[in-house]
Amino acid sequence: MQMTFRWFGEGNDSITLKQIRQIPGVKGIVWALHDVPAGEVWSAERIEEVVNQAKAQGLNTDVVESVNIHEDIKLGLNTRDQYIHAYKETLRNLRKFGVKVVCYNFMPIFDWFRTDLFKETEDGSTALFFDAEKVISLTPEKVVNNMEENSNDLTLPGWEPERLKDLKNLFDQYKDVTEEHLLENLIYFLEEVCPTAEQCGIKLAIHPDDPPFSIFGLPRIVKNKNDIKRILNAVDSPSNGLTFCSGSLGGNPNNDLVDIVRSYASRIPFAHIRNVKHFEDGSFIETSHRDEDGSVPMTGIVNALYESGFDGYARPDHGRHIWDEMCRPGYGLYDRALGAMYLQGAWDTNVLLKNESIKKRQIQNN
Ligand code: DNO
């Protein structure tokens, strides 16, 4: 497991690369050119800028999250081929700098979504919250306003203001797009792009839907084990992989996360590991990464990754906002740094136990 940490770029993050390099075990940043609109090519010059900034702090740039997919590709419009072409160009440019994994999602219109970005919790910290009751009274417009107004003036990943300007039109376009259509459009995209990704030595890793169920009637196709199986089986390429995100898949208590890891470990180049706590009405809040604090089997997931021989990249995911930190929702320094340490502690315990059992066997054999 190679530990990484998400960073949103110079002038676009409350956290510095110097701070990130001081978190024990963190070897690289998870990054993107957040200002380049979906569908445009990432130029080698712009990529090089970030790579050099990271290098200067001894951090690698192996993982990109995300190269976003243009809406026309998700909708399967005739214009999609030009955007697919641009996607391939971006992969070729990323290859020049040794990028190994490109995370992306196939969620229509919205990326991740919560009803509250700074919900007060019992210990006085705040956290991202999904209120199942509140969501019923929301319209897509209210969601966008709420997300934008509460983001501490920092851009929210996946929430591109330009794209969301014309919400009504976007929703109209999705009116007749079923889950089957959306899946067909994903497969079309993967069949086109995977051969290029393979040539570039890049693994594409689809991110699950967050939350893992339909919102506002929009189709969602990466919600559970069955969806994952269909996607991975549809295009048989080492570059067709999964970003295992315990917080997203964990938004549905019926998802058996340990089983998903054990079943698809060889197709998981990248893992987002975080905890959420469920409530009876379907709401959930993001907690510390610690096993006992939420409903997700955090140490079980790390054990399953270890036992499956996982040698991909991992990052702590959304953290709470603690110690009065002013930061982008879910992406402060402190709680995620604690998360990185917790995950590595769980991993190192596995290493220790394995070494001890090898030693014991050697003694017995002698
Ligand atoms: C939110 C993130 C998502 C994720 C994308 C991947 O915090 O987990 O925005 O980066 O869905 O494409």
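Colleague: Which side chain does Arg92 meet in a salt bridge?

Modeller: Keep in mind that this is a predicted model. Arg92 meets the side chain of Glu89, with N to O at 2.8 Å.

Colleague: And where do Arg92 and Glu89 lie?

Modeller: Both are in helix α4, which covers residues 80-95. Arg92 and Glu89 are three residues apart there, about one turn of the helix.

Colleague: Why does Arg92 count as partly exposed?

Modeller: Because its relative accessibility is 32%, and partly exposed is the range between buried, under 20%, and exposed, over 50%. Glu89 is partly exposed too, with a relative accessible area of 27%.

Colleague: What about Lys74 and Glu71, buried or exposed?

Modeller: Both Lys74 and Glu71 are buried. Their side chains form a salt bridge, 3.3 Å from N to O. Lys74 and Glu71 are about one helical turn from each other, because they sit three residues apart in helix α3 (residues 71-75).

Colleague: How many salt bridges does a search of the whole structure find?

Modeller: That search gives 24 salt bridges. One more to look at is Asp293 with Arg290, where the closest N and O atoms are 3.2 Å apart. Asp293 is partly exposed at 31% relative accessibility, and Arg290 is partly exposed at 38%.

Colleague: Which residues are linked in a network of salt bridges?

Modeller: The network links Arg6, Glu65, Arg114, Asp210, Arg274, Glu286, Arg315 and Asp317.

Colleague: OK, switching to strands. In what order do the four strands of the open sheet come?

Modeller: The order is β5-β6-β11-β10, with antiparallel pairing. At the edges you find β5 (116-120) and β10 (276-278). Each of those has a single partner strand, so one side of each has no neighbour in the sheet. On average, neighbouring strands here are turned by 35° against each other, direction ignored.

Colleague: Let's go through the pairs, then. How many bridges join β5 to β6?

Modeller: Three bridges join β5 to β6, and the two strands run antiparallel.

Colleague: How many residues are between the strands in the hairpin of β5 and β6?

Modeller: Five, and in that hairpin Gly124 takes a positive phi near 90°.

Colleague: Why is β6 largely enclosed by the rest of the structure?

Modeller: Strand β6 runs over residues 126-130, and five of the five are buried, so the rest of the structure largely encloses that strand.

Colleague: And how many bridges do β6 and β11 pair over?

Modeller: Two, in the antiparallel sense. Phe129 has Ile285 as its bridge partner in β11.

Colleague: That leaves β10. Which strand do three bridges join β10 to?

Modeller: To β11, which covers residues 284-286, and β10 and β11 run antiparallel. In that part of the sheet, His278 is opposite Phe284 in β11.

Colleague: Last topic, the surface. Which residues make the nonpolar surface patch of about 330 Å²?

Modeller: That patch is made by Trp323, Tyr334 and Leu338. Leu338 is found in helix α13, residues 334-365. Leu338 has a relative accessible area of 41%, so Leu338 counts as partly exposed.

Methods. Residues are numbered from 1 along each chain as its sequence is written. This is a predicted model: local features need pLDDT of at least 70, side-chain atom pairs count only at pLDDT 80 or more; totals for chains, interfaces and linings use all residues. Side-chain values use heavy atoms; hydrogens and water are left out. Patches are made of residues with over 30% relative accessible area and no salt bridge: like charges are joined within 9 Å, nonpolar side chains (Val, Leu, Ile, Met, Phe, Trp, Tyr) within 5 Å. Accessible areas come from the Shrake-Rupley method with a 1.4 Å probe; for residues, only the protein chains shown count as cover. A salt bridge is a side-chain nitrogen of Lys or Arg within 4 Å of a carboxyl oxygen of Asp or Glu. Buried means under 20% relative accessible area, exposed over 50%, partly exposed in between (1.4 Å probe, protein chains only). Two strands pair if DSSP finds at least two bridges between them. Axes are lines fitted to C-alpha atoms, for helices over the stretch in contact, and angles run from 0 to 180 degrees between N-to-C directions.
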